[in-house]
Every structure is written in structure tokens, then in C-alpha cells.
Amino acid sequence: MRPRTFYRVQNNSFTSSRHVPNRALTDKKKCPRRQDFSSKTCPPTTRHKGESGFCDPPAPYHSFSKGKKLGLAYLVSLAAVFSPLSSNIYFPALNNISAELNTAPDLIALSITIYMVFQGLAPSFWGPLADKYGRRPIFISTLIVYLGATVGLALSKNYATLMVFRGIQAVGSSATIAVGAGTIGDIAMAGERGGLLGIFSGIRMFGQAFGPVIGGCLTQYWGFRSIFYFLLIFASLVVVIIAFFLPETLQRIAGDGTIPLTGVHKPLIENFRKKKDVEEGKPRDVEKPRAAAPVSFKTFLESFKLLFEKDVFITLLFGSIIYAVWSMVTSSTSNLFKKEYHLSDIEIGLVFLPNGLGCVIGSFVTGRLLDLSYRSAANKFRNAQSPPIDVDVELTQQKYPDFPLEHARLVHTWWLAFVFCACTAAYGWTVEYAIAIPLILQFLIAFSATSIFNINSTLMIDLYPSKPASATAINNLMRCTVGAIGVSVVEKMAAAIRDGTTFTVLSGVAAASVSLVWLQWVWGPMWRKERMDRLARKEALALAEADESEGENLKEKA
């Protein structure tokens, strides 16, 4: 019979203590660096099933060096670039596609909406699978789907075929963002998470910046089909790179990076390397990967369950409104600038550069700001404790539930929201005067919007550190759903009430949504602790029932 577990309330949250043989304690003293994936503050059911989603692994969290973590961030960013690239490389070709397929421009524009709808839905199914079966197999699977859809788009002969394969292409490309964020969540501690996610977002936003330029050039000289042949070649190369160099990082399978990988989880490059001797300091008794529970319908609902948490829903709704307004600015750019300035396809592609560069720069800058603000809040919290907490101690939610995580992450949201709303309000009125002014405003809109997205994404992973892919997936779902609605109506709004009035109204909607940040700032910490206590009690009862059932079975056998 397993050792009995006793639960007690400590700091308003349930914790557990387990009686273990003295030999186990002695072993830990002999091997102080041994990675123990259980958490003293999480019931065992949480450790194995991950139902709560908030159990943080203890320090040192991961054995990878900072250089290797950066390398993995670059690698998954390369794969994630296909989601924004496939969306934005398409914009300059809309008129060309309309002419070649003999279809009205309004109907061709619906392919943008279709892409966004599937871009939002797909990660909500891929994400839970990645949290259960690993990042690497899902990465490869989604990119294979993407390759097949891109071939279909290149060969499309009519509007219906274009719409079908555009949706499938979104299914393949969009999941790379959720799975890539999950990979970073696996290897990064909270203090470095913002910086790595900033790199992840910044590199993938190169697709946002240069996609329209590439699309404009290809369309101008070789037609719209050349766009999809370009994507096919690029994606094939990335699939090979991922297959050869990306290791599995899901902690249930790879642990802290020291569990030997096998099968699909093992990078192909490892088959060509000589086996290395055990490194100094590597754990003596290596953990074995834990088997995953079978896939069921509930597996695909895990992401959606997060929507019922108050702090999560508020965070997602605010980010979704900002994303929708920014998407409406971006998607209307092609028609708006062509109407006002009569630009060619290449020139239309160049018009998207300020928006893309704002996304790239905003991602990198915000990543740095997130790490600095977290470090500052963490130092203040550590010094305020009695006695002060050592700087090397990770401030996990379970051990230090009073740490103001929401304040540490949201501190820069206020001024970024002001910049976003002010620039959006002015944008529509300036288009008819001079092209330089709206382009500068597009840069500032993209900079502030992307910065807000990064803050929200980092906070979501902080709230659910053991389910980073699922947390990112539901974030993506909310943003793309609201964004798709916005994109589908922006042209009609502009035609009905003019461009200037349209974007002023959208700015007012974005300004009103800032009240959601205030709610998160004031009530978020309390909601987070209530959720932790509720889920801990639920799991404690489940374990008690399991122990009681096991005891009854032993009595029957006796």
C-alpha cells in the first residue's frame, strides 16, 4: 500500500506531506541536484494528471544552459513564422487572385476571415495534444498538414478550392505558435520567460514585416501561385530542420532535459552522434517518462475550460479586443492605400513594412521589459519577507501565492494602451493627407499592440505553467475569433461612416476595454488564489477517495 498522505491548510492553500522511508531522504542528500518533478504543494494527482494546470516544477526547473534555451527559442520561432507569414504574404495578391479566379474582391477577402477562424480554432485542439504527447510530434504533424494545404493552394483552379485549402493551411500553420510557446514554457523559469517569449514573438513577426513585401514582388512578376510555391519550399526546409535538431521538451517525457529521448521524440541528429559519457553533475537516477493518458473527447476540451476562470477570461477578452482593432487596421491597408494613392502590388507590399517592423521591435522590447519588471517586483517581494528570501529561490505560485504576479506583468500595459488608442483614433483621418503620417501611426499601432499581446501571452503561461500550449491555444482562439469578426465588418464600416470615423470608433472600443486591465490588476490575485485553493481541494478529495478504495481492495484480498 502506498504511503499515507496528510493534507493541511497553509497560507490559505492546501499542501500535502507524505511519510517516506529514511533511505529516500538520505538519497536526496547524496544527490542534491536530483530533479524531483513532484511538488510539495501539489497533490500527487496534480503531478500525474496535470488537471489544475498551475503546478510549477521546483528549481532548478531545467538543466539546459541559457545558450541552449536561446537556441531552442530561435528554432521554434522559425517554425512559428509560418502563421503570420502565410496570412500577410497573401494581402498584396488579393486583387490578382480576384482577377484570375474571376471572383468578386469581397468574396476573395472572405478567405482572410476563413484563415483567421481556423487560425483561432486549430490550436485549441493541437495544444492539449502537445501538452499530453509532446511538442516535437505535434510540430512535425502540423507542418506536414501545412505542406499539403500549400500544394492544394498552388494548384487551386476556383474559389471553392481556394477557400477549403486556405482553411486547412491555417490549421497547419497556426498550431506552431501554441506549441512553440509550450516549448518555451517547458524550459523557462518565470524570470526569463518574458525575454524568451519576446524573442519567440519577435522572430515570428518577421513574417508579419516582410511577408507582404515578398508577396507583392512574387505576385507582380510570377502571379499569385508563386506565393504558395515559395511557402512550400520554405516549409519543407523548416520541417527537415525541426526533424533533425528539435528535441522533445515536455517534462512528462523529457524531464529536466536529462531523460534519454527515444522514437519520434528524439532529434534525428542524435542518431549520427557518438554517445557521450554522462556529464558531471547529471542525476544518478534518471526519471523515466510517464505514460500519457489515452486521448478522449475531454482532452480537446481542456483549453476551453480555461475560459471559465474569471482572471483568464478577462485577460483574454482585453487582448482579443486590441487584436481585433489592430487586425482591422492591417486588413484594410491594401484597399485603403490603393484607393487613396493608386499603388502597384510591390508598393502595396512595401506599405506593410512599418506595421511589420513595429511588431518585430515591439516583441523584442517588451520581452526585455517583462523580464526587468518581473525581476524588480520579485526583488521587492523577497526583501519584504521576514527573513528575506534568497535571490535564487523561484517564486512559484504554490509556495508564494501572495507574490503580485499580475502587477509584475501588467505594469507596462497602461502606457501601451494609451499609445495604441491615440494612434488608432488619428490613423483614419490622416490617410487622405500624406502617406508618411499614417505609416508612422501604423508602426506605433503595431508596436503597442504586439507589446500588449506579449504581455498577455506571458501572463497566461504564468497562470497555467504546466499547460503552456493549451493556455496559448485558448489565447489564440479568443483573439482570432474576435479578430475575424472585426475583419469581416471593417470595410462595410468604412464605406458607411468614412475611414476617419471608423477608426475613431474603434479607438473608443479599445479605450473602454482598458477597464478589464483594471479589474485584473485589482481582483486578479484574489481570483488566482481562489482557483488554486479550489483545485487543490478537489484533487485532495480525489486522492483521499483513491486511498480509501485501495485500502478496501487490500482488505478484500486479505
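A residue counts as buried under 20% relative accessible area, exposed over 50% and partly exposed in between, using a 1.4 Å probe and protein chains only. By that rule T176, at 0% relative accessibility, is buried. This is a predicted model, in which local features need pLDDT of at least 70, side-chain atom pairs count only at pLDDT 80 or more, and totals for chains, interfaces and linings use all residues. Residues are numbered from 1 along each chain as its sequence is written, and side-chain values use heavy atoms, with hydrogens and water left out.

**A buried threonine**

- T176 sits in helix α9, residues 159–187. Helices are DSSP runs of H or I with at least four residues, strands are runs of E with at least two, and both are numbered from the N terminus.
- T176 touches A79, A80, F139, T142, L143 and F200, leaving aside residues up to four places away in sequence. Contact means heavy atoms within 4.5 Å.

**Helix α6 against helix α22**

- Helix α6 (residues 105–121) packs on helix α22 (residues 468–497) at an angle of about 160 degrees, and the axes are 7 Å apart. Axes are lines fitted to C-alpha atoms, for helices over the stretch in contact, and angles run from 0 to 180 degrees between N-to-C directions.
- The pair α6 and α22 is therefore roughly antiparallel. Angles under 35 degrees count as roughly parallel, over 145 as roughly antiparallel, 65 to 115 as roughly perpendicular and the rest as oblique.
- α6 and α22 cross in a left-handed sense. Left-handed means that the near helix is turned anticlockwise from the far one by less than a right angle; right-handed means clockwise.
- From α6, the contact uses I112, T113, M116, V117, Q119, G120 and L121; from α22, it uses A473, N476, L477, C480, G483, A484, V487 and S488.
- That α6–α22 contact holds nine nonpolar, six polar and no charged residues. Ala, Val, Leu, Ile, Met, Phe, Trp, Tyr, Cys and Pro count as nonpolar, Asp, Glu, Lys and Arg as charged, and the others, Gly among them, as polar.

**Two partners of helix α10**

- Helix α10 (residues 190–204) and helix α11 (residues 206–222) pack at about 5 degrees, with axes 4 Å apart. α10 and α11 are therefore roughly parallel.
- In α10, G202, I203 and R204 meet F206, G207 and Q208 of α11. The classes here are two nonpolar, three polar and one charged.
- α10 also packs with helix α21 (residues 436–463), at about 135 degrees and with axes 10 Å apart. That makes α10 oblique to α21.
- The α10–α21 crossing is right-handed.
- A190, R193, G194, L197, G198 and S201 of α10 meet T450, N454, T458, I461 and D462 of α21. The α10–α21 contact has three nonpolar, six polar and two charged residues.

**Positive phi in loops**

- Most residues other than glycine have a negative phi.
- N102 has a positive phi, near 55 degrees. N102 lies in the loop between α5 (94–100) and α6, and it is exposed at 72% relative accessible area.
- H342 has a positive phi near 55 degrees. H342 lies in the loop between α16 (333–341) and α17 (345–351), and it is exposed at 66% relative accessibility.

**Cysteines**

- The structure has zero disulfides. The criterion is a pair of cysteine sulfur atoms within 2.5 Å.
- C359 is buried at 0% relative accessibility.
- C480 is buried at 1% relative accessible area, and it is one of the α22 residues in the contact with α6.
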